[in-house]
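Here is a short briefing to read alongside the model. Please have the sequence and the 3D view open as you go.

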Amino acid sequence: TIARRATNSPIGFCGGTLLAPEGKVVISAAHCFFEDSGDLIQPVGEIVAAVHRHDLTEGPDEHECSALIEVEEVIKHPRYNDEYWTDFDVAIVKLKDAPPCVADGTGRTSTAYLDPEYSQPGAVLRAEGWGATDQNYRDYPEKLHEVYLDVMSNADCAHLLPGAISDNMLCARAPGKDGCIGDSGGPLVYEDEDGTTMLVGITSWGPNGCAIWDEPGVWCRVSEVVDWIAEHVDVAAPGSVAPTLSKSPTVAPSAAPSATPTVSPAPTYA
Ligand code: 4AZ
């Protein structure tokens, strides 16, 4: 979760996704950090990323994989709010340090790769966050929540939300499930055949409340902003970073290299 340092509040104001493989970059939503005018809402020095923290009631250093990491720089998409309100709602959040359980190579803190492909209607994707769980934005969970949502076609979505849906957005819905206030910036993901987590959407906005069937939630479509992200940070493809395997048959590794992506209780996002 991404939080304000000054308030020392355990509640973050937005979600984000640690970018694989290093996890030193968080992909989040531009509107989490920038006014519509493009000015920063608050100085970068006042923003921290709380990583591997599923339960917000626990301290930020609850266990060896959790940490509060300072933010070095936040970059918004140059076309944020370009043609439509909340168009290109993506920000690159550079962290000063890599999260401990990514940096140590154990992969206990999960990261995601950017999905370069246009996600088709019918795909089922997972949204995660600590956003409101009620229609009145009063109830916020202590633990990370997840829901599975069906991707809609942009044409169907534009029919429901006329004049609001650009090609850089993706709509998804499921009965009684949605992203909501507080989930912004967080992930819309799936796991590929290898178990690699792929980021398809960035939680962005909704028309009027949450989980209203005819008013789907809207995500920034990652495939449309991959090239821009790659201009600023290293964007690896899954498998492009070869695991370091010992070639020596005489030394047994203390722990066998495993295809299992994580031993942590659940996928972890900033
Ligand atoms: C928000 O403001 C927000 N119903 C995120 C998602 C949705 C609505 C609002 C989708 O963080």
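The protein exposes about 12,900 Å², and carbon and sulfur atoms supply 50% of that area; accessible areas come from the Shrake-Rupley method with a 1.4 Å probe, and for residues only the protein chains shown count as cover. This is a predicted model, where local features need pLDDT of at least 70, side-chain atom pairs count only at pLDDT 80 or more, and totals for chains, interfaces and linings use all residues. Residues are numbered from 1 along each chain as its sequence is written, and side-chain values use heavy atoms, with hydrogens and water left out.

**The protein overall**

- Of the 270 residues, 50% count as buried, meaning under 20% relative accessible area (1.4 Å probe, protein chains only).
- The protein has three helices and 13 strands, taken as DSSP runs (H or I, at least four residues, for helices; E, at least two, for strands).
- Among contacts (heavy atoms within 4.5 Å) with a separation of 6 or more, 67% join residues 24 or more positions apart.

**Around the ligand**

**Polar atoms at the ligand**

- A side-chain N or O atom of Asp178 is 2.7 Å from a ligand nitrogen atom.
- Ser184 places a polar side-chain atom 2.4 Å from a ligand oxygen atom.
- For Cys180, a backbone N or O atom lies 3.4 Å from an oxygen atom of the ligand.
- Taken alone, the ligand exposes 310 Å², of which the protein buries 89%.

Definitions and conventions: Polar contact = N/O pair within 3.5 Å; in protein donor to acceptor, adjacent residues only side chain to side chain.
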